[in-house]
Amino acid sequence: MSSAPSVEAVRAALATVNDPEIHKPITELGMVAAVDVAADGVVSVTVLLTVAGCPLRDTITRDVTAAVTKVPGVTDVRLTLDVMTAEQREELQTKLRGGVPAKEIPFSRPGSMTRVYAVASGKGGVGKSSVTVNLAAAMAADGLNVGVLDADIYGHSIPRMLGANGRPTQVQNMIMPPSANGVKVISIGMFVEGNTPVVWRGPMLHRALQQFLADVFWGDLDVLLMDLPPGTGDIAISIAQLVPTAEILVVTTPQQAAAEVAERAGSIATQTHQQIAGVVENMSYLPCPHCTAEGKEHRLEIFGSGGGRRVAEGLGRLLGHDIPVLGEIPLDPRLREGGDEGKPLAVADPEAPASQVLRSIATRLGHRSRGLAGRSLGLTPVGR
Ligand SMILES: Nc1ncnc2c1ncn2[C@@H]1O[C@H](COP(=O)(O)OP(=O)(O)OP(=O)(O)O)[C@@H](O)[C@H]1O
């Protein structure tokens, strides 16, 4: 007959259980209130939930029971779920913030290691959100900790495109973002009922963004992507004020008209003194299906050509240094379908031509040297 396990062995097993929302071990979060091991191998564990009526209590129950059951010598697991006191939640919040005072934006602290990209476009519908979610998913698949802030307050489509169906939950004053495809997501769409359009004005939008940046528990992000609304509106200015180190990523189509507006949107960087990470040309061409079937390459340039290059050159002239075109993404109906289904093509089919371009951009942006983001190096970036 095997002997009863030690309390340490049970605690070690509990340390393998992550809180489903905070994604950290429950032992580190102060959620394990008591562990008791009886001589007959019956283990009693008390776990404190962050809030009463926690929607994920079933997941926690299942995970804790499974982990403890695996410890040799355990004959039964008796789990009691209780709720943290206000003081305990306060303690947890301080711990989660890693000492950063409330209301401070972690990404704008000096020495922040998170690279922040604000994805901008001139016109709507050029694929800015599609590019954002695919880059985010590709970076996450590459092992980076990634967050997406859907700042496209009027056309918030990011949660659907990423398949983030969950709702944010609240621990004290902190908002826990749901995650999908390995990416943490927060969107104004998660805070409005149904499909209600948001008709907020500048100051309210600024406050909402401030809250998303300061009060959301993002954890240690390698990269934060912010999907801006099209154009050069209040939000772009707010972002520049809130996170001055955010670099701008301009998305355009090859079309002349789109390129002109994109250039205007990018030129905001001269006023806000932000860096431009580069230009992404989306919907660059459609690989001719007939020629592809015959093993030949023939690009149908549905929206013309050269928009990305023109924007990069225009912005380069304005800023006095070269701006790279980071990639030309072809049209692919599966990219749209992936967006509708919450399965970004870059990870669902990484070898598709559009995915290959997206993944190469993700690698380039995700692995730029840390700590230099947003700083002028006095160097001229090399083009493609
Ligand atoms: N490369 C592509 N191939 C095929 N469809 C695409 C591609 N890029 C984007 N789309 C589709 O085009 C539509 C517009 O894209 P998306 O919503 O990403 O644009 P947007 O610039 O973010 O628009 P808005 O800012 O107005 O919300 C979507 O239906 C999307 O699935």
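## Two loops with positive phi

Met283 is found in the loop between strand 12 (276-282) and strand 13 (286-287). This is a predicted model. Phi of Met283 is near 60 degrees, a positive value in a residue other than glycine. Is Met283 buried or exposed? Met283 has 26 other C-beta atoms within 10 Å, so this residue counts as buried.

Asn181 lies in another loop, the one between strand 8 (179-180) and strand 9 (183-187). Asn181 is not a glycine, yet its phi is positive, near 50 degrees. Asn181 is buried because 24 other C-beta atoms lie within 10 Å.

Three strands form an open sheet in the order 1-2-3. The pairing is mixed. Which strands stand at the edges? They are strand 1 (32-37) and strand 3 (76-83). Each has a single partner strand, so one side of each is left without a neighbour in the sheet. From one strand to the next, the twist averages 10 degrees.

Strand 2 (residues 42-49) pairs with strand 3 in the parallel sense, over eight bridges. Thr46 has Thr80, in strand 3, as its bridge partner.

## Helices on the sheet

Helix 1 (residues 7-14) packs on the sheet and touches strand 1 and strand 2. The direction of helix 1 makes about 140 degrees with that of strand 1.

Helix 2 (residues 57-69) lies across strand 2 and strand 3. Helix 2 runs at about 145 degrees to strand 3.

Notes. Residues are numbered from 1 along each chain as its sequence is written. This is a predicted model: local features need pLDDT of at least 70, side-chain atom pairs count only at pLDDT 80 or more; totals for chains, interfaces and linings use all residues. Helices (H or I, at least four residues) and strands (E, at least two) are DSSP runs, numbered from the N terminus. A residue is buried if 20 or more other C-beta atoms lie within 10 Å of its own, exposed if 12 or fewer, and partly exposed in between; C-beta atoms are placed from the backbone. Two strands pair if DSSP finds at least two bridges between them. Axes are lines fitted to C-alpha atoms, for helices over the stretch in contact, and angles run from 0 to 180 degrees between N-to-C directions. Two residues are in contact if their C-beta atoms, placed from the backbone, lie within 7 Å.
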